[in-house]
Amino acid sequence: MPEWAAQVEEDAIPVVNHILKSELPVPECGAEVQLPDGEVAGEFEFVWEEQRVAVWFSPERAPQRAMLAAQGWRLFSLEEVIELPKLLEVALPSAQKSGEY
């Protein structure tokens, strides 16, 4: 398990494996995301702040998902990403591809 994934919930390990296999950018794990006014929108299992993409573990931990979505964030539940890992590939440029113009 890579160091960046040390704090990941056990249920999210398949997503870590997919991130590694697909060479997607390394996310911040277990991170809070704030709204522009500084209010915490929620705690997310995986966050790619620059790309405004996040995966939430449970609705209770991410109560302001609709507000983030209105700010242009693309949010996925952990279940969605485990079931359809390609969602992340569509939402995120892979680290490999982003260097090629």
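**Figure 1. The largest nonpolar core of the predicted model comprises 19 residues.** Within this core, the residues with the most contacts are Phe46, Trp48, Val55 and Leu88. Two or more residues each are contributed by helix H1 (13–21), strand E2 (40–48), strand E3 (53–56), helix H3 (78–83) and helix H4 (86–91). Helix H1 supplies the largest share, three residues. The structure shown here and in the following figures is a predicted model.

**Figure 2. Ala12 in the segment before H1.** Ala12 has a relative accessibility of 0% and therefore counts as buried. Apart from neighbours within four places in sequence, the contacts of Ala12 are Glu45, Phe46 and Leu78. The C-alpha atoms of Ala12 and Val81 lie 9.3 Å apart in space, although the two residues are 69 residues apart in sequence.

**Figure 3. Leu35 in the loop between E1 and E2.** The relative accessible area of Leu35 is 6%; because buried means under 20%, this residue is classed as buried. Leu35 is in contact with Ala41, Gln64, Met67 and Leu68, leaving aside neighbours within four places in sequence. Leu35 and Gln64 are separated by 29 residues in sequence and by 8.7 Å in space, C-alpha to C-alpha.

**Figure 4. Glu23, a loop residue with positive phi.** Most residues other than glycine have a negative phi. Glu23 has a phi near 55°, a positive value. This residue is placed in the loop between H1 and strand E1 (28–34). Its relative accessibility is 38%, so Glu23 counts as partly exposed.

**Figure 5. Arg52 in the loop between E2 and E3.** The phi of Arg52 is near 55°, again a positive value in a residue other than glycine. With a relative accessibility of 36%, Arg52 counts as partly exposed.

**Figure 6. The whole protein, shown as context for the close-up views.** The protein contains five helices and four strands. Read from the N terminus, the order of elements is α-β-β-β-α-β-α-α-α. The C-alpha trace spans about 35 × 35 × 25 Å along its principal axes. The radius of gyration is 13 Å, which agrees with the value near 13 Å for a compact globule of 101 residues. Of the 101 residues, 40% count as buried. Among contacts between residues at least 6 apart in sequence, 39% join residues at least 24 apart.

**Figure 7. Surface and charges of the protein.** The accessible surface comes to about 6100 Å², and carbon and sulfur atoms account for 49% of this area. The protein carries 7 positive and 19 negative charges. The mean position of the positive charges is 8 Å from that of the negative charges.

How values were computed:
Residues numbered from 1 in each chain as written. Predicted model: local features only at pLDDT ≥ 70, side-chain atom pairs only at ≥ 80, totals over all residues. Heavy atoms only, no water. Core = buried A, V, L, I, M, F, W, Y, C linked by side-chain atoms within 4.5 Å. Buried < 20%, exposed > 50% of the residue type's maximum accessible area, 1.4 Å probe, protein only. Rg over C-alpha atoms; globule rule 2.2 N^0.38 Å. Contact = heavy atoms within 4.5 Å. Areas by Shrake-Rupley, 256 points an atom, 1.4 Å probe, with all protein chains shown as cover. Lys, Arg positive; Asp, Glu negative; His and termini not counted. Charge placed at Lys NZ, Arg CZ, Asp CG, Glu CD.
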